[in-house]
Amino acid sequence: MSISPDYFKYLDHFSNTVTVRELFESPNTRDAIALRHDVDYDLDLALEMSYWENRRGIRSTYYLLHSAEYWDDPRLIDKCLQLQDFGHEVGLHLNILTDWMTAKVNDVEQALNDLVVPLRDAGVRLTGISSHGDPLCYKHQFINYWCFAELKPPDPVSAESGLSAEGIGVKEHEFQIIYPASHQLVRQDGEIVNLWSASMNKLGLEYDAIHVQHDSYFTDSGGSWHRSDDPIKQEMRTGRHQVLMHPIYWRGNQKIYFFLSTARSGSKWLVNFLQQATPLKAQHEFSLNHYFRSEELIAEKRTAEGFTALVDKPDEVRKLLIDARTWIEELPEDYAEANVYLERFLPLMKEIFPDAAFVHLHRNPRDVVRSIINRDWYDTPEDSRHPIMTGVGWESLSQFEKACLYVKMTNYSLLRECDYQIIFERMVTDTGYLYEKLLSLGIPVFPRLAKSEYDKKINKNYNYEFPDYEKWTGGQKALFHSMCDMVMKDLGYESQSSMIHKYKVSFMKFLQLKFKTLFQKKKPEVIFHTFFNISERDPFTLKGCTMKVVNEGMKVVPEGEKHAHVLFGGGKWHELKSGDGWERYIAFYYRGYLDADISTSGSAQLVCLMYNNDGKLMAKRSLGQIKEQTLPLSFSFKVRSNAERFNLALYMSSFDLPGHLVLKRMLIEKVPLRGV
């Protein structure tokens, strides 16, 4: 699942929760935890969070942001109703004064009415709001709930000044908003809006979250608990509590799934279902058919004419698979791909995607043979579009024999190499079976979204020249059973032959276990560990700063008013030469910590720099901000699969230079990615 395991520790700590509406409607209830989610960016991630909460008996409120891109999703209402189906409340994450300030709307109350009426008409029980902390709130000094008359305090100038855009008191001056004594906002075109002029009652809105009576308030705004106490460290069995947790901050490690099969086994149908009814990004035959050129993803069909030639080019296949992985790793979602051609490259797949789950999707071999013949597989001896089974006198076989052998050998390969199986015939006729199979992989299904997708027919055959099994000749049936009976039985299909096969499933399982154990033997490896007070300076590269050894470690002092940095692996910021930095290893991630002291003013960042095979900088990623309160800094990161080397940099911006830093100790470990 895409939700971090840490999130579930909080759910265990809360044990039982209510929606914010329930807290509002029960002012005399003394002991309750209202769990709330402001969905700023990713509605599908919120849907996944709501699914796992529902399975644990947790109920919460999801406030959806009307200025977010997902508001234009044609399935927005269905997703809102799915949240309700899971037992949660749907509210509005209010950003209406921001919309007014940017001239997207002129009449605030009418614009709000246009937002909530379609949702209510569709069955969404929307009665509550929470204010969004848009950056423009701080630039133009306003809080979005200031539009509502019912929320106006007796003395707004004193009551509302010093609050954040979310409506809570904060210590940081940059996040404190000062209420305008004019009780008005003025935008660039000279238009004026009177604050407190819209009516919640007219709009059918009953409460604003921050104004609901509570004894304690917890928020992870900004991705940490720096604006409040951490609720997991608090006793919460008594009192009225409101806990805000943004889904985007609780995303877990990406999971990758490959659904492999013979052709004509429902792979495209499954991809469509996963894309529409689960939180996954699902693709059909993406790998091998895309590559990177100058950091641009380019589509080029390789699983078509000339596929058999590609099989004999392992270096080219490796590059295509690495490019596919690079693109996949940039996705925010978990990833699923169904691709009938990848079975030909399973050793490379296991090398480049050792952390992926490989799922064997199988269909009755009789139906597959019929279907691929009707799709003109192996219709000529020169067929270069489809897999060839080597070492069996392939050229001398008929089209029917080739189809039978392809089905047999492909299924046996997948039986050996895949840890999971899905039966096509049950998948497309039994929703309960499909949901449970996907759940066993950690993939949630959203039933309301699945309902409209399940019965769709995808990629149907339109040529039925080759008949059903019942109309095959006696010779065709005998040939089929002589070639495919053993694999039929291992797949769990009833055989109509008296032949008894000698291959045992237990042997297949042994091979699976042996292969799986091979990858589990990898352990973390320390690639860099230094105490800076005894470290030689040679590996480090400096720019815009000086370094000297002191008793506590290595003191770094920025020079002047320019950007400054320290490269821990040597080299240059925009270029590495051989021996600089560290080598990238596919399917590993890196973790470590930096212990240091920093002056009270200013800050720095730890940055990962990634370089291509020419040694040129191709990407960079911040690993964390270095301030007094963040030290020692723990970090983890993955290097892009199409990078060759990487470096770590201590970066100090001229806009926020620290007086000095003292580097004490640094550790970097290389850790294998674990499978699903």
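Reply: The largest nonpolar core has 80 residues, and those with the most contacts inside it are Leu64, Trp146 and Phe148; a nonpolar core here is a set of buried Ala, Val, Leu, Ile, Met, Phe, Trp, Tyr and Cys residues joined through side-chain atoms within 4.5 Å, where buried means under 20% relative accessible area, exposed over 50% and partly exposed in between, with a 1.4 Å probe and protein chains only. This is a predicted model, in which local features need pLDDT of at least 70 and side-chain atom pairs count only at pLDDT 80 or more, while totals for chains, interfaces and linings use all residues. Residues are numbered from 1 along each chain as its sequence is written, and side-chain values use heavy atoms, with hydrogens and water left out.

Helix α3 (residues 43–55) gives this core its largest share, seven residues; helices are DSSP runs of H or I with at least four residues, strands are E runs of at least two, and both are numbered from the N terminus. If neighbours within four places in sequence are left aside, Leu64 is in contact (heavy atoms within 4.5 Å) with Val39, Leu43, Tyr70, Trp71, Leu76, Cys80, Leu83, Val90, Gly91, Leu92 and His93. Another core, of 63 residues, lies apart from it and includes Leu320, Leu321, Phe358 and Leu397.

Cys80, one of the contacts of Leu64, is buried, with a relative accessible area of 1%. Its sulfur is 20 Å from the closest cysteine sulfur, in Cys147, which is too far for a bond. Cys147 is in no disulfide either, the nearest cysteine sulfur, that of Cys137, being 11 Å away, and Cys147 is likewise buried, at 3% relative accessible area. The structure holds zero disulfides, a disulfide being a pair of cysteine sulfur atoms within 2.5 Å.

As for helix packing, α10 (residues 267–277) and α17 (residues 431–440) pack at an angle of about 75 degrees with their axes 13 Å apart, the axes being lines fitted to C-alpha atoms over the stretch in contact and the angles running from 0 to 180 degrees between N-to-C directions. These two helices are therefore roughly perpendicular to each other, since angles of 65 to 115 degrees count as such, under 35 as roughly parallel, over 145 as roughly antiparallel and the rest as oblique. Trp269, Leu270, Phe273 and Leu274 of α10 make the contact with Leu434, Tyr435 and Leu438 of α17.
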